[in-house]
Amino acid sequence: MKQRTTIIADVQLEEQLAFCDKIRGYWHEKNIVPTAYVETYGCQQNEADSERIRGILSESGYAITDNAEGADVVVMNTCAIREHAEQRVFGNLGALTHTKRRHPRQKIFLCGCMAGQDHVVQRIKKSFPHVDGVFSTHHLWQFPEILHRVLTVGKRTYYVEDEAGSIAEGLPQLRDNMLKAWVSIMYGCNNFCTYCIVPYVRGRERSRKCEDILAECRTLIESGTKEITLLGQNVNSYGKDLEENIDFSDLLTRIAEIPGDFLIRFMTSHPRDAGKKLFDTMAASSKIAKQLHLPFQSGSSRVLKAMNRHYDREKYLNLVEYAKSVMPELVLTSDVIVGFPGETEEEFEETISLIEQVRYDSLFTFIFSPRVGTPAASMVDPTTKEEKNRRFDRLCAVQNRISEDIHTGYIGKTMRCLIDGQDNEFLTARTEGGRLVRLHGSEALIGQFKDITITGATTWSLTGSLVGKE
Ligand code: SAH
Ligand code: SF4
Ligand code: F3S
């Protein structure tokens with residue numbers, strides 16, 4: 001059934017923008033230009049949210065810095081996906097007691113996915129008294145109001161009530177990179193994979209209206225953006241909640257119709273909802289990168305069922321086979337979890353054999369990390385930590401060999417790449433498939449698509465040289 005997503009009303013957003021004005025006035029009266037530092041953990045969704053947080057801060061008169069030392073506002077935009085991510089945040093949060101001592105007017109905020117977990121909020125309340133405000137992802141659009149309250153009332157402020165989630169259009173946004181831009185097309189997730197915290201901290205799946213996405217993409221392209229990455233936890237279910245009859249493939253086609261020389265990428269695709277229509281749409285448009293991040297998580301159908309992934313090994317392999325048949329040049333990447341509760345040695349071997357069969361260009365590899373409140377956290381897990389580490393190392397070794405093999409195969413090929421930056425004495429570029437290439441050349445080339453001949457390869461990257469004159 002189609003459900004209406006809650007859209008934050010214009011008048012509510014105007015109220016928030018009025019708080020930005022008040023904050024600017026607050027500092028103006030003191031004759032101070034305040035500074036703010038935003039630290040981002042986690043995935044591209046959080047990177048995109050941080051661009052909105054910086055947008056709000058900049059609208060409120062703050063100059064953005066790249067250091068917590070001496071900053072008037074520090075925002076930690078956190079990730080809850082694995083325990084390690086949370087530990088890093090708690091460690092870095094502890095260190096902020098010192099920056100605050102040296103700069104007592106510093107205000108510290110914690111937001112993002114960790115702020116959506118009750119046990120984290122309780123721990124902050126109890127053990128981190130120097131944190132001034134906590135807000136979950138549902139309340140990001142209210143950051144102006146929260147910041148104003150902390151500045152003027154001086155009380156610790158929590159906006160952490162759990163909500164199904166809403167969409168706020170028109171928040172200010174300070175983009176990190178105009179050449180390559182993130183565009184969120186949907187928020188939240190309905191899949192409830194048994195190991196995953198995301199649906200609990202980001203709420204239900206909700207899609208932005210197609211016209212809003214198209215307008216954002218058009219503006220970006222007109223201002224020189226060459227690569228747009230569409231973001232969602234499960235982009236393939238785009239549109240299911242909209243009244244308009246549109247799916248992700250239709251959205252891709254509509255964006256590709258915008259005039260201009262640009263590439264579209266997207267992440268993440270869930271194998272449950274990806275299918276022939278998507279792959280045919282990708283194959284048909286030269287503006288859609290032939291790159292697919294298709295997390296498989298495990299090669300064992302039994303484990304996939306326990307993970308609540310809604311596909312099995314066979315269905316996954318069939319999808320990949322079809323995608324490769326219509327896009328022979330496709331660059332495939334994926335996520336995999338080792339040591340899910342109850343994973344046997346044989347089941348782990350099925351993961352290895354799937355990797356050998358598919359031959360991914362690269363892989364994001366994770367050891368299972370129990371997350372409070374998820375079903376997998378209370379599943380029986382007899383495998384020792386040492387054994388999981390051994391499986392993890394074995395998996396990485398197999399994948400590194402495959403990545404190196406595939407990269408070596410690029411040598412001698414000429415590929416159209418977007419030159420996107422600099423790294424020491426090199427320029428950096430990305431192939432259409434998203435592989436990193438280093439080359440020599442003039443800085444003036446940054447922002448251009450150029451033909452590059454690949455001359456060398458390692459497990460992680462390629463080296464190349466420009467074809468023809470600069
Ligand atoms: N929405 C995306 C993934 C988001 S999280 C998708 O479904 O594909 C990114 C990756 O982190 C996941 O694909 C998974 O491999 C890993 N991950 C998520 N929860 C985890 C956990 N509890 N332990 C270990 N890895 C996890
Ligand atoms: Fe997590 Fe699964 Fe949703 Fe991805 S699809 S965010 S792994 S619950
Ligand atoms: Fe982390 Fe939240 Fe992304 S948990 S991976 S920042 S959606």
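How much of the protein chain do buried residues make up? I get 55% of the 470 residues, where buried means under 20% relative accessible area, exposed over 50% and partly exposed in between (1.4 Å probe, protein chains only).

Ground rules for myself. This is a predicted model, so I keep in mind that local features need pLDDT of at least 70 and side-chain atom pairs count only at pLDDT 80 or more, while totals for chains, interfaces and linings use all residues. Residues are numbered from 1 along each chain as its sequence is written, chains are lettered from A and ligands numbered from 1 in the order in which they are written, and side-chain values use heavy atoms, with hydrogens and water left out.

**Entry: overall build.** I looked up the secondary structure and found 13 helices and 21 strands in the protein chain; these are DSSP runs (helices H or I, at least four residues; strands E, at least two), numbered from the N terminus. The radius of gyration is 23 Å, which agrees with the value near 23 Å for a compact globule of 470 residues. That figure is taken over C-alpha atoms, and the globule rule is 2.2 Å times the number of residues to the power 0.38. I also noted that the C-alpha trace spans about 65 × 60 × 50 Å along its principal axes.

**Entry: charges.** I found 58 positive and 64 negative side chains, with Lys and Arg as positive, Asp and Glu as negative, and His and the chain ends not counted. Side chains of opposite charge can pair when their charged atoms come close. The structure holds 31 salt bridges, each a side-chain nitrogen of Lys or Arg within 4 Å of a carboxyl oxygen of Asp or Glu.

Entry: Asp49 bridges to Arg52, closest N and O atoms 2.9 Å apart. Both sit in helix α2 (residues 44-59), three residues apart, about one turn of the helix. Asp49 counts as buried because its relative accessibility is 7%, and Arg52 is buried at 10%.

Next I checked Glu345 and Arg391, which meet at 3.6 Å, N to O. This pair links distant parts of the chain, helix α12 (residues 345-358) and helix α13 (residues 385-409), 46 residues apart. Glu345 is partly exposed at 28%, whereas Arg391 is buried at 4%.

Last, Asp381 and Lys388 pair with closest N and O atoms 2.7 Å apart. Asp381 is partly exposed at 30%; Lys388 is buried at 7%. I also jotted down one network, where salt bridges that share partners join Glu51, Glu169, Arg175, Arg208 and Glu216.

Technical notes. Charge placed at Lys NZ, Arg CZ, Asp CG, Glu CD.
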